[in-house]
Amino acid sequence: MNYKIIHKTEYSYTYPVNLCYNEARLTPRHHVYQQCNDNQFVVQPEPKDCRERRDFFGNTVYYFTIQQPHNQLTVTATSRVEVKGRELQRNFTEARHHDDSDRVTSEAEHLSWEEAHQQLHTDSKPEILEMRQYVLNSPMIPAMPELHAYAEKSFTTGRPLLEAVEDLSTRLYTDFTYDPGFTTVATPLDDVIKHRRGVCQDFAHLGIGCLRALGFAARYVSGYMETEPPPDQEPLSGADASHAWFSVYLPQLGWVDFDPTNNQMPTDQHITVAWGRDYADVTPLKGVVFGSGTHELFVSVDCKRETEA
Amino acid sequence: MTDTKNWKVIGDSYHNAKSADQQIDEMLSRDSQINPHWHGFMQALDTLGLTEMESRHKEIQRLLRENGVTYVVHGEQQGHRPWELDPIPLIISNTDWDVISTGLTQRAKLLNLILEDLYGERRLIKEGLIPPEVVYAHAGFLRACVGLIPAGFPFLLNYAADLARGSDGRMWVLGDRTQAPSGAGYVLENRTALARALPNLFGEVGVHRLSFFFRSLQNSVLDLPLQYEFGQLGQRESASRMTSHQKDNPHVVVLTPGPLNETYFEHAYIANYLGYTLVQGDDLTVWDGRVWLKSLGGLRPVDIILRRVDDIFCDPLELRQDSRLGVAGLLEVIRQGNVMVVNPPGSGVLENPSLMPFLPNIAKHLIGEELRLPSVATWWCGEPKQRDYVLANLNQLVIKPIYRQPGGHPLFGSELSRTELDTLRAQINAEPHLYVGQEYIHFSTTPSLVEGKLEPRRTILRTFLFAEKDGYAVMPGGLTRCEGETGGLTVSIQGGGVSKDTWILAPEPEPHISLWQQRTERIQTAAPSEGLSSRAAENLFWVGRYAERAEGQARLLRIMLDKAKMGKMGLEISHLGQVAPSTRFTETFGEEAREVSELTYLRSMLRSLTGLTSSHPSFVNKGEQSLESELLSIMLDTENSGSLVSTLQALVSAAYAVRDRWSTDTWRVMNNIENLCTTLENSVPKDSNTNAQLLTDLVLQEAELASLDQLMIFLSALSGLNAESMTQTIGWMSLDMGRRIERALLLIVLCRSSLVAVQDEWIEDLLLESVLAAAESLITYRSRYRAALHFPTVLELLLLDEDNPRSLLYQLKRLQEQIRVLPREKLGYRLSEEEQLILQALTQLQLSDTIDLAERSEHTTQRNGLEKLLVRLAQILVDMSDVLTHTYFSHSQPSVVSN
């Protein structure tokens with residue numbers, strides 16, 4: 001599937017801003033099931049100093065500074081992405097590490113969570129050692145006893161890890177209410193747990209927190225999702241939004257994505273932009289602004305299917 | 001060897017002072033003999049005598065206090081604590097030091113390689129030499145810093161290690177300081193103080209000098225850009241954009257978190273000693289991919305930053321977003337190779353005790369060597385067996401988190417109650433990988449001078465290293481800290497310990513080295529405005545204003561207190577001296593009128609005081625009943641932001657913010673002012689219920705006048721030092737402009753409150769005399785005019801006399817000179833805002849006529865012309881202060897972080 005995504009962020013300031021420094025993580029990643037064919041940034045006013053680099057997680061970071069007084073800052077990222085359909089049980093976003101034969105794959109898929117846990121914590125293969133960092137707490141996902149208690153119920157004795165995580169994701173979808181008005185990017189996780197409501201970012205954080213509480217490696221994925229317009233209607237421009245979900249690491253298989261907000265496993269309608277330990281690692285646009293006023297923010301995302309040329 | 005009897009006696013009594021658990025001692029051998037490397041010192045001590053040593057000790061403390069050596073203490077007893085130095089040094093023999101410094105160099109090299117790996121490929125983790133949690137769960141591992149420094153370039157430039165001698169006689173490493181180690185400045189200050197108090201000892205004993213180390217440090221810093229370029233070859237496409245001038249002549253700054261930091265004194269001291277600019281985060285800005293210093297003359301590129309700001313605060317864009325101590329965009333400039341930060345952010349990951357158990361293996365793996373200096377035995381709870389050991393021996397171990405939080409302390413198992421141990425056990429079980437247990441070492445004691453006797457105190461030594469071209473230079477000395485009282489388990493300055501000088505014995509005497517003799521080929525010449533940050537200039541400006549304000553307030557207060565002391569209502573006219581209109585007046589109008597007039601006079605003077613202290617309404621509205629208590633409040637009340645004490649506090653804190661700008665003498669004066677300020681504050685009884693009269697009795701004694709006299713002397717000394725001992729560069733100009741503006745404003749206040757209203761002739765005479773006295777122009781008036789007080793003549797002297805350094809015109813002319821040479825962009829023939837303002841003020845003033853000004857306006861009891869002129873001038877001066885602040889001092893605006 002081919003997509004064209006236009007992600008536009010607009011800041012309006014009450015007083016002119018003289019100087020700002022920004023980092024954008026708005027460039028879709030490459031992975032086994034995804035190819036980013038084009039990515040353009042248009043920033044207004046035009047930045048004096050800008051550069052691209054890869055961060056610790058391999059995400060593309062676009063750094064830019066604006067050194068002239070401005071009342072408005074607009075960042076428009078336009079990307080063309082090709083997403084290959086993932087088979088439901090095999091949507092691993094990284095190449096498998098070992099023997100690719102079906103037998104091994106099938107065994108790995110049915111690996112019990114106890115077995116998977118054991119491998120993750122005792123195996124000394126370099127790639128497994130590196131994954132242990134995703135078991136640890138991260139800035140926005142502290143350890144909480146509630147997470148452990150909640151997660152446990154999905155992890156019955158001998159259950160395959162994949163099945164257990166799928167169950168966890170479904171329970172999050174059922175038990176928590178999607179409520180865009182309730183949380184902001186800064187709402188702490190325990191508020192989300194207390195009130196059982198939140199947005200995709202919170203759902204993803206919950207899933208990750210639950211998995212880490214049980215000692216599994218989990219990470220945060222930011223991206224977009226194609227929203228299908230009602231039948232007989234043209235899709236509305238800018239009606240889409242950034243999306244987020246989580247990914248769990250399976251020894252021998254790699255990372256498997258789950259979208260608890262929509263109770264599904266991403267296939268060809270999810271476009272991956274960046275991943276990290278939590279939202280703080282992949283904030284789409286953040287900056288330090290030198291100015292004295294307040295600001296208003298307007299974000300629009302337009303994610304359209306394109307027919308192959 | 002000569003007569004050794006006596007000093008052996010000192011040694012014996014020292015031996016007897018030791019307790020059973022103090023087994024190993026720096027001075028005494030196991031068989032209680034004085035170690036040979038202590039002989040020289042003990043002989044000298046014996047010649048001097050312990051009593052004399054005690055008095056030298058006092059001398060040292062005085063020197064340190066006067067030099068303003070302080071350590072900011074947080075917590076219960078907040079404030080600046082004077083630095084404590086024990087006169088008995090820790091002495092280390094030449095051979096012992098060889099072992100230690102070789103071990104330290106090896107450790108520094110090893111740690112540098114580890115840093116390079118952790119922020120590069122992380123093979124140590126992938127190959128299983130370091131468990132992932134040891135790094136990834138450590139808050140000092142900064143993912144944004146991965147790839148920041150190209151491989152092959154030294155990462156760990158500045159390194160310090162805490163050492164202690166264990167019962168086996170070897171030095172053990174207790175901890176590593178790898179991001180912004182502090183202490184080197186205190187080492188220098190300790191050495192200076194000790195050398196002054198015990199001048200002969202160093203030569204007799206043969207001690208390694210410290211200046212070699214600092215000289216080599218300076219050279220290494222200057223070489224950094226060259227090294228960096230070398231390190232970058234083949235590593236990155238984008239070459240450093242530094243010009244060859246920058247490489248030869250880099251601009252080096254010391255980045256401090258500011259005066260509230262616990263070791264701010266040292267930041268200023270080191271900057272001053274090494275000749276670098278002391279800056280705070282706000283002084284720097286990132287522009288066009290470079291770091292710049294915001295100086296009075298505009299932006300000036302910065303090439304090297306020696307930082308004292310912790311890792312995570314260095315860049316609000318990529319690290320802690322709420323940081324106000326760093327520079328937004330700094331990491332990206334480092335990545336571009338356009339600035340060097342020493343040590344680069346991220347290096348704090350090595351301040352991590354959970355690395356210690358793995359170091360021996362890493363050493364074998366990376367450099368193929370055994371560790372020469374052992375680390376204190378450490379068990380990392382992230383490994384089940386080690387955790388079990390720690391939990392089983394919790395009450396004997398020292399427990400530390402792997403990441404040291406600000407204000408966090410290690411826990412001593414032996415000091416914890418059963419419940420506390422249970423809590424700790426639960427914490428460890430919940431997140432075992434975040435804790436280590438360490439062996440509690442009974443480390444060695446060193447003699448300390450306690451109440452005229454030598455007593456054993458356990459000591460820890462902090463050593464310092466700096467990267468050179470081919471390795472590391474080790475400072476031949478260090479910061480020794482010893483426990484304040486015997487038996488305590490912690491040895492730290494924050495926890496109340498005492499410091500010591502550290503003597504490394506030299507095989508032969510060394511020549512004295514001055515830092516001036518360095519690098520004749522690379523003399524740095526800087527334009528006057530260079531190197532002075534706008535923030536520093538602003539602080540100097542305010543030092544000028546506050547010093548002048550304090551002087552004006554103190555002078556007027558002294559006049560008032562003098563009067564208040566006399567008689568019931570505090571006025572004794574005859575005291576006013578030579579002019580003596582009182583007799584004539586009393587004869588003419590009688591006693592009753594005299595009292596009424598006294599009040600009128602008093603009210604005018606009080607209005608002046610109110611104006612000078614901006615403590616409205618106080619005397620403007622209130623009756624004279626509250627005279628004494630109000631006077632006291634104006635003088636001593638810290639709650640009253642206009643009081644003399646508050647002004648002094650503001651003066652001291654502005655001066656402290658530019659600590660590196662003052663000569664030792666100036667700082668001594670400043671210290672005297674601070675101490676006097678504390679004395680004044682403390683003279684107010686804490687009980688607020690005390691009635692005004694009691695307060696008055698308590699305080700309005702000779703003592704207060706005496707302290708005001710003293711204060712006037714200190715302030716004059718300060719003003720003299722400012723005028724005569726500061727180079728007249730932009731910094732001095734800022735200070736002087738502050739003084740001029742403030743002096744002009746004070747004079748205006750004085751004139752407005754006392755001279756605008758028309759009074760009976762003889763009261764006016766009284767007022768004129770007091771105003772002249774308050775404006776320090778009474779003597780001039782008398783010697784010049786000899787006649788009675790004449791209103792227009794007084795105005796002439798106070799306002800328009802260009803030769804009177806206290807006159808308004810004099811202040812304005814001086815201001816105009818300063819403003820003329822301020823750095824600015826040329827605007828063609830147009831005058832800058834501040835040039836226009838000063839021209840307006842001068843014109844207004846010079847066009848006025850004192851005879852007209854002295855005239856009473858029709859149908860009023862006022863001199864409206866005078867009032868109008870003074871109001872205009874005051875407004876212009878206030879505007880001027882704002883314009884200067886806006887144009888020259890504040891390039892920055894508050895920052896907002898948004899997501």
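Me: How many residues of chain B are in contact with chain A?

Reply: Two residues are in contact if their C-beta atoms, placed from the backbone, lie within 7 Å. Here 28 residues of chain B are in contact with 27 residues of chain A. This is a predicted model, in which local features need pLDDT of at least 70, side-chain atom pairs count only at pLDDT 80 or more, and totals for chains, interfaces and linings use all residues. Residues are numbered from 1 along each chain as its sequence is written, with chains lettered from A and ligands numbered from 1 in the order in which they are written.

Me: Which elements of chain B supply at least two residues of the side that touches chain A?

Reply: Helices (H or I, at least four residues) and strands (E, at least two) are DSSP runs, numbered from the N terminus. Those elements are helix H5 (123–126), helix H6 (132–136), strand E8 (284–287) and strand E22 (895–898) of chain B. The largest share, 4 residues, comes from E22(B).

Me: How do the residues on that side of chain B divide by class?

Reply: Ala, Val, Leu, Ile, Met, Phe, Trp, Tyr, Cys and Pro count as nonpolar, Asp, Glu, Lys and Arg as charged, and the others, Gly among them, as polar. The side of chain B that touches chain A has 13 nonpolar, 8 polar and 7 charged residues.

Me: What is the order of strands in the open sheet of 4 strands in chain B?

Reply: Two strands pair if DSSP finds at least two bridges between them. The order is E13-E16-E14-E15 (chain B), and the pairing is antiparallel. Strand E13 (378–380) and strand E15 (411–412) of chain B are the edge strands, each pairing on one side only. E13(B) is joined by 3 bridges to strand E16 (residues 435–438) of chain B. Trp380(B) has Val436(B) in E16(B) as its bridge partner.

Me: At what angle do the axes of H28(B) and H29(B) cross?

Reply: Two packed helices are described by the angle between their axes and the distance between the axes. Axes are lines fitted to C-alpha atoms, for helices over the stretch in contact, and angles run from 0 to 180 degrees between N-to-C directions. Helix H28 (residues 808–821) and helix H29 (residues 833–846) of chain B have axes that come within 10 Å and cross at roughly 155°. H28(B) and H29(B) are therefore roughly antiparallel, a term for angles over 145 degrees. Their contact has 9 nonpolar, 1 polar and 2 charged residues.

Terms used. Parallel < 35°, antiparallel > 145°, perpendicular 65-115°, else oblique.
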